[in-house]
Amino acid sequence: MNTSVNKKMYGLGSKRSEIRELFEYGKKRIAEVGAENVFDFSIGNPSVAAPDCVKEALASLVLEGDPVALHGYTSAQGDAAVRKACADYITATHGTACGADDFYMTCGAAASLTISLNALSCEDNEVIVFAPYFPEYKVFINQTGMKCVEVKCSEEDFQIDFAAFEAALNENTKAVIINSPNNPSGAVFSQATIEKLACILNAAEQKYGHSIFIIADEPYRELVYDAETVVPFIPNFYDNTIVCYSFSKSLSLPGERIGYVFVSPKAAAHDEVYFAVCGAGRALGFVCAPALFQKIVPMCIGKTADLSVYKKNRDILCSALTQYGYKVVKPDGAFYLFVKALEEDSHAFCEKAKAHDLLIVASDSFGFPGYARISYCVSTEMIERSLPAFEALAKEYK
Ligand SMILES: Cc1ncc(COP(=O)(O)O)c(C=O)c1O
């Protein structure tokens with residue numbers, strides 16, 4: 001019998017992302033040589049437990065809540081009280097007036113992004129992404145039929161190269177995705193950067209006569225390590241903003257799949273955009289985000305897991321790697337270190353690292369060849385054990 005499937009889907013499913021591929025390899029290697037001999041820096045899975053408020057909220061919901069309502073469907077866009085709690089939190093924290101009907105609860109940032117992109121996409125549209133970027137952006141954008149346009153950040157500090165950005169803007173630009181704190185560079189965009197970005201986009205909207213959206217992908221908003229690092233709240237600087245938020249990293253709940261889309265109430269044609277978000281959620285089958293974890297949100301919003309270990313890990317890695325001769329830009333946030341490969345070909349470099357059981361991801365799929373990503377959301381003890389392997393790898397190039 002002739003079975004035909006969608007070739008694009010087959011391609012995506014039969015070939016895992018490089019990150020997932022390496023993660024699976026790590027599990028195999030652990031079975032062969034023992035966990036103590038493998039240094040798996042492949043994936044961004046938080047290494048700290050969810051805060052106690054999650055356990056307490058779960059216990060009270062399960063023990064005292066109505067068991068039928070607890071696990072039942074909510075409204076497609078999410079429980080109204082949960083969305084109101086998100087709105088109240090955003091207003092109290094960022095001074096942004098908003099309400100429940102600006103929010104759509106989702107299965108994490110990945111769903112928030114696909115929903116937002118599908119909501120906006122029209123024929124011939126383009127979406128600008130700043131490289132290095134989360135590799136799934138390309139998958140999500142291309143799936144909508146839009147074109148993904150890459151603009152490289154400055155290699156010095158992984159900040160926006162505004163000349164390159166302005167050159168990429170054109171009449172087909174529909175949206176710009178920003179991700180700050182960034183995966184994989186750890187860079188945080190300052191208020192001055194966001195103001196400049198907003199100014200350029202406002203001018204482009206005037207020039208081309210249509211809205212251009214910022215899609216702010218913010219799973220790492222709370223993961224910053226120095227008091228002076230502030231993550232600007234984009235809707236306060238640019239009206240046509242959609243925030244894609246997730247509790248995966250802040251509350252250490254990546255497997256529970258909970259986040260939201262926030263359509264700025266100041267967006268032009270806000271209601272049209274919000275309904276398109278609801279429609280995209282429907283079309284993609286992302287209605288009614290996990291009900292139990294929706295109900296956790298009002299009880300835990302604004303709290304975080306104990307993120308202090310990530311700062312400690314960052315500092316140990318940055319100082320040791322610099323001492324061994326690696327070039328790193330100290331990340332201000334998220335839990336990734338983007339290190340310059342010690343040869344031009346990042347895949348070849350990561351293969352050599354693999355020989356030391358150092359599992360780090362080649363940077364090509366992040367749109368920025370010549371680097372490797374180290375996810376330091378691991379135990380500090382593993383980082384300390386891995387340092388001789390990093391040193392031995394560097395010595396191979398001397
Ligand atoms: C930049 C970025 N965006 C989106 C996601 C997806 O997050 P979620 O687990 O909430 O779907 C990730 C996950 O690592 C990420 O790093």
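Colleague: At what angle do the axes of helix α5 and α11 cross, and within what distance do they come?

Modeller: In this predicted model, the axes of helix α5 (residues 80-94) and α11 cross at roughly 35 degrees and come within 9 Å. The crossing of α5 and α11 is left-handed.

Colleague: Which residues make that contact?

Modeller: From α5, the contact uses Ala-81, Val-82, Ala-85 and Cys-86. From α11, Gln-294, Lys-295, Val-297 and Pro-298 take part. By class, the contact of α5 with α11 has six nonpolar residues, one polar and one charged.

Colleague: And how do α3 and α11 pack?

Modeller: Helix α3 (residues 52-64) and helix α11 (residues 291-300) have axes 9 Å apart, at an angle of about 125 degrees. The two helices are therefore oblique to each other. The crossing of α3 and α11 is right-handed.

Colleague: What residues form the contact there?

Modeller: Cys-53, Val-54, Ala-57, Leu-58 and Leu-61 of α3 meet Leu-292, Lys-295, Ile-296, Met-299 and Cys-300 of α11. The contact of α3 with α11 comprises nine nonpolar residues, no polar ones and one charged.

Colleague: Changing topic, which residues of helix α13 are buried?

Modeller: In helix α13 (residues 346-354), the buried residues are Ser-346, Phe-349, Cys-350 and Ala-353. They span an arc of only 95 degrees around the axis, which puts them on the same side of α13.

Colleague: Why would residues three or four places apart point the same way?

Modeller: An α-helix has 3.6 residues a turn, so residues at that spacing point the same way.

Colleague: What do the buried residues of α13 pack against?

Modeller: They pack against β10 (358-359), β11 (361-362), β12 (371-375) and α14 (380-395).

Methods
Residues are numbered from 1 along each chain as its sequence is written. This is a predicted model: local features need pLDDT of at least 70, side-chain atom pairs count only at pLDDT 80 or more; totals for chains, interfaces and linings use all residues. Axes are lines fitted to C-alpha atoms, for helices over the stretch in contact, and angles run from 0 to 180 degrees between N-to-C directions. Helices (H or I, at least four residues) and strands (E, at least two) are DSSP runs, numbered from the N terminus. Angles under 35 degrees count as roughly parallel, over 145 as roughly antiparallel, 65 to 115 as roughly perpendicular and the rest as oblique. A crossing is left-handed if the near helix is turned anticlockwise from the far one by less than a right angle, and right-handed if clockwise. Two residues are in contact if their C-beta atoms, placed from the backbone, lie within 7 Å. Ala, Val, Leu, Ile, Met, Phe, Trp, Tyr, Cys and Pro count as nonpolar, Asp, Glu, Lys and Arg as charged, and the others, Gly among them, as polar. A residue is buried if 20 or more other C-beta atoms lie within 10 Å of its own, exposed if 12 or fewer, and partly exposed in between; C-beta atoms are placed from the backbone. The arc is that of the directions from the helix axis to the C-beta atoms.
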